[in-house]
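Grab a viewer and follow along.

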Amino acid sequence: MAVHQDTRNASPATAVSARSRQRIRVSLALALAALTCGQAAWAASADEIKSRGYLSVATEDDYTPFEFMKDGVATGYDNELLALVRKQLGVTVKQQVMPWSGILPGVTTGKFDMAVSAVLATDERKKTFDFLSPTSEAVTFYATKKGAPIKAAADLAGKVVGAETGSAMLTDLKNFNEELKKKGAGLKQIVEYQGYPEAYQDLALGRIDAVANTQISLMSLVKTRPDAFTVGQAIGKPVFIAWAVKKGNTDVARMVDAILLELRKNGQLYELQQKWLGVTYKDMPQSIN
Amino acid sequence: MTAYDYYSIVQGALATILLSVASIVLGVPLGLGLALIRWARVPFFGRVVVAYVSVMRACPMVTLLLLIYFALPQFGLSLDPTPAAILALTAGTAAYNCEVWRAALLNFPRDQYDAALSVGMSRSLRFRRIVFPQILKAGLPGLVNEMTLQIKATPAVAVIGIVEITRAALRIGARTYEPLPPFVVALVLYSLIVLVLVKLQRRIERREAAKG
């Protein structure tokens with residue numbers, strides 16, 4: 001039996017997210033239908049980008065510490081990395097800052113050339129996207145309210161856990177749930193959210209028992225609000241985080257990748273990792289497709 | 001919350017007002033036009049309006065926005081977020097306004113129309129002097145109601161990257177991990193906007209009543 005079914009009982013906030021999730025699903029289906037009948041040659045090649053003079057990218061606005069807004073300016077790890085890329089790219093970068101739910105559809109439909117966001121490079125996504133060289137790594141962890149009785153990942157059995165809809169962390173959480181079920185009892189419920197801020201708020205209010213997200217994001221959460229939350233243990237396997245282009249749009253990927261690898265060599269990428277993520281990942285592969 | 005955070009929500013309010021006003025200003029007359037096409041039983045186009053209104057009422061705003069913003073580029077029409085948002089919001093509200101206008105038209109006493117006809121008024125004069133003032137009066141509460149709903153429909157535009165009140169508040173919460181204070185500010189701003197609209201309605205109604 002699927003556990004992540006009706007989130008409407010959980011809280012009014014999640015009821016809203018459940019409804020809009022459905023809407024987005026419907027609209028994605030429509031967008032895909034349009035994709036198959038229209039011609040999808042909108043994703044630009046390197047020559048086209050050079051002649052039109054810009055690369056269009058999309059970035060999230062509420063995924064601290066990777067990307068978020070401070071005093072009206074997009075900042076965080078990916079934005080500072082993008083600033084370094086801009087210096088060497090040779091064309092201007094048109095950046096659109098928008099919620100997560102619009103980013104990957106925007107890349108598949110060709111509205112944007114690239115997602116400059118902390119996209120987890122899962123096997124599922126590799127079917128639709130080509131990833132650049134990874135910018136960091138992620139392991140899905142869970143966080144609880146401070147002082148909660150959950151001491152180890154196995155204690156999540158019978159609990160309600162939240163994650164962002166359409167995220168790789170949600171997939172990890174579902175897999176973890178299957179493992180739990182094999183050992184005995186699974187999670188009580190998985191609640192899907194439109195964004196992590198809402199999930200953290202429900203956690204603070206006690207509507208859910210834990211939130212599944214990457215270790216980096218949860219560490220940032222606990223650093224900002226040490227009075228309210230604690231980070232638990234890993235519930236997933238390590239996955240690389242990378243910027244993404246539409247499958248087959250290798251021109252754009254190569255253009256930007258050359259710069260990203262250069263930034264690894266001169267150490268600037270690792271400096272940014274240390275600054276924003278608090279760790280460095282020095283043995284990441286050059287290609288993960 | 002920093003001073004800039006308050007400022008950013010106020011800026012979001014400007015976007016909310018701009019999008020609402022633009023879609024209302026375009027959508028109210030457009031709705032009237034659609035309602036008149038149905039009322040006058042224009043062949044073929046009458047059926048088109050019926051289909052349009054049904055589809056628009058069934059289509060959630062987020063879906064419509066995603067379609068216009070992400071699917072239209074497939075057919076060579078790539079809109080920027082703001083025009084795409086105004087287009088989607090106008091298309092939606094016009095369908096609802098059409099029904100409000102139509103209700104007013106259906107209740108319009110036919111004998112008055114016939115009387116106007118009998119004194120030889122032209123079609124446009126009949127509409128301007130006899131029909132329109134009365135359906136405006138009858139339709140006003142419904143239209144203002146739809147306008148307030150329209151203001152509250154605007155947060156849907158966040159999905160294509162426009163920052164209105166709700167999104168501005170969300171961004172602050174995402175940084176501080178404390179979403180409640182920005183949402184309280186957001187609520188106050190929404191209330192103010194709707195209050196202005198309702199006041200305006202009262203004024204128009206009072207003026208109409210004074211006219212008799």
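## Ground rules

This is a predicted model, so local features need pLDDT of at least 70 and side-chain atom pairs count only at pLDDT 80 or more, while totals for chains, interfaces and linings use all residues. Residues are numbered from 1 along each chain as its sequence is written, and chains are lettered from A and ligands numbered from 1 in the order in which they are written.

## Chain A and its domains

Chain A has 10 helices and 14 strands; helices (H or I, at least four residues) and strands (E, at least two) are DSSP runs, numbered from the N terminus. Of its 289 residues, 49% are buried. Here, buried means 20 or more other C-beta atoms within 10 Å of the residue's own, exposed means 12 or fewer, and partly exposed is in between, with C-beta atoms placed from the backbone.

The chain splits into domain 1 (40–136 + 241–277) and domain 2 (140–234), with bounds from an automatic or database domain assignment. Their C-alpha centres lie 27 Å apart. Nine residues from domain 1 of chain A and eight residues from domain 2 of chain A make the contact, where contact means C-beta atoms, placed from the backbone, within 7 Å. On the domain 1 side there are five nonpolar, three polar and one charged residues. For these classes, Ala, Val, Leu, Ile, Met, Phe, Trp, Tyr, Cys and Pro count as nonpolar, Asp, Glu, Lys and Arg as charged, and the others, Gly among them, as polar.

## Where chain B meets chain A

Chain B puts 25 residues in contact with 38 residues of chain A. On the chain B side, α1 (3–39), α3 (61–71) and α7 (165–176) each supply at least two residues, and α3(B) has the largest share, with seven residues. By class, that side of chain B has 17 nonpolar, six polar and two charged residues.

## The core

The largest nonpolar core has 129 residues, and those touching the most other members include Val107(A), Met114(A) and Leu65(B). Such a core is a set of buried Ala, Val, Leu, Ile, Met, Phe, Trp, Tyr and Cys residues joined through C-beta atoms within 7 Å.

## Two sheets in chain A

One open sheet runs β11-β10-β12-β9-β13 in chain A, with mixed pairing; strands pair if DSSP finds at least two bridges between them. The edges are β11 (189–193) and β13 (229–234), each with a single partner strand, so one side of each has no neighbour in the sheet. Strand β9 (residues 140–145) of chain A runs antiparallel to β13(A) over four bridges, and Phe141(A) has Ala234(A) as its bridge partner there.

The other is a three-strand open sheet, β2-β3-β4 in chain A, with antiparallel pairing. Two bridges join β2(A) to β3 (residues 67–70) of chain A, and Asp62(A) is bridged to Phe68(A).

## A helix residue

Is Thr250(A) buried, exposed or partly exposed? Thr250(A) is partly exposed, because 15 other C-beta atoms lie within 10 Å. This residue sits in helix α9 (residues 250–265) of chain A. Thr250(A) and Ser45(A) are 205 residues apart in sequence, but 8.2 Å apart in space, C-alpha to C-alpha.

Notes: Contact = placed C-beta atoms within 7 Å.
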